[in-house]
Amino acid sequence: MECRHCASPLEKPGDFCLVCREANTEAIVLEAARDRATITMLAGEPDEPGERDADEQVLGETTITTTPEDGENEPIELRNFAGLIGDEIRRKRPDEVYAGGVRAVIRAVREDVHHPFYRVDDDEPVAAVLERRGNRALDVVETPPAEKISGSHSTLIGGRTGMRAIHTVADHPHVKKVIPGPIDAGGKGSQSGMRAKVTRADDGGNVRMLLRDGSSVQENRVVTTARDREMGERIREDLNDVLADAEFQ
């Protein structure tokens, strides 16, 4: 494959061009099983005006395999597997990664690379992502997570664990602000430890994040870049998947 921008040869389809320093892959779809991962590269916008059909958007795919280990060797094998997947993602330098499949693999890859991750659960993930990307035009917020937290209530239940949950949500690229609310200590007791859940979006696309720790509950307002309920629901699903990956659900 040649670079779409300068026509220099690329070692693999969708690679970042080291000649003109331009990216050829805008998004990656990761389909992760425990023993096999498929990475599909999706093109960005064409240089010349005009429509691009689905076949033209798919630059190619790469498959990475592993032999799962049991017992004490499993963490090392899983980390190495995630590292190989991460290497392929990094050489493309995509704007975003859509991932579906085994959560343990996705969690390990997320820890290895630093790109916006979105969960996709569909029998045809590539087609679902193409449709999803074609229908959305959400602004990306570059503000660091700590600077997105505001409001008059500075206390969070769960201490450092609660703050980590808030930062997990605030780190999402389509979250503008997280506003902690008052703490209600009259809830039903729980022995499951800190739990976090993002609730249904309102008409403006904003959501609520509930923190539960023992008998205490805190409702936090999350302001997103969505403009309607439908787009807010997509962000809600992403946030709950991120919280699940971080073991808050």
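Mentor: Here is a walk from the whole chain down to that stretch and its surroundings. Keep in mind that this is a predicted model, so every value below is computed from it.

The protein has 6 helices and 10 strands, and its C-alpha trace spans about 65 × 50 × 30 Å along the principal axes. For 249 residues, a compact globule would have a radius of gyration near 18 Å, and the 20 Å found here agrees with that. Of those 249 residues, 46% count as buried. Among contacts with a separation of 6 or more, 61% are between residues 24 or more positions apart.

Now to your two domains. The assignment puts domain 1 at 16-133 and domain 2 at 145-246. Taken over C-alpha atoms, their centres are 27 Å apart. Where the two domains are in contact, 8 residues come from domain 1 and 9 residues from domain 2.

You'll find T143 in the loop between α4 (125-135) and α5 (160-170). Is T143 buried, exposed or something in between? Buried would need under 20% relative accessible area and exposed over 50%; T143 has 33% relative accessibility, so it counts as partly exposed. If you look back along the chain to G14, which is 129 residues away from T143, the two C-alpha atoms are separated by 28 Å.

E247 lies in the segment after α6, and its phi is near 65°, a positive value in a residue other than glycine. With a relative accessible area of 56%, E247 is exposed. Towards the other end of the chain, R21 also has a positive phi, of about 60°, although it is not a glycine. R21 belongs to the segment before β1 (25-32), and at 48% relative accessibility it counts as partly exposed.

The accessible surface comes to about 13,100 Å², with 44% of it belonging to carbon and sulfur atoms. There are 34 positive and 48 negative side chains, and the centres of those two sets lie 6 Å apart.

Methods
Residues numbered from 1 in each chain as written. Predicted model: local features only at pLDDT ≥ 70, side-chain atom pairs only at ≥ 80, totals over all residues. Heavy atoms only, no water. Helix = DSSP H or I, 4+ residues; strand = E, 2+ residues; numbered from the N terminus. Rg over C-alpha atoms; globule rule 2.2 N^0.38 Å. Buried < 20%, exposed > 50% of the residue type's maximum accessible area, 1.4 Å probe, protein only. Contact = heavy atoms within 4.5 Å. Areas by Shrake-Rupley, 256 points an atom, 1.4 Å probe, with all protein chains shown as cover. Lys, Arg positive; Asp, Glu negative; His and termini not counted. Charge placed at Lys NZ, Arg CZ, Asp CG, Glu CD. Domains from an automatic or database assignment.
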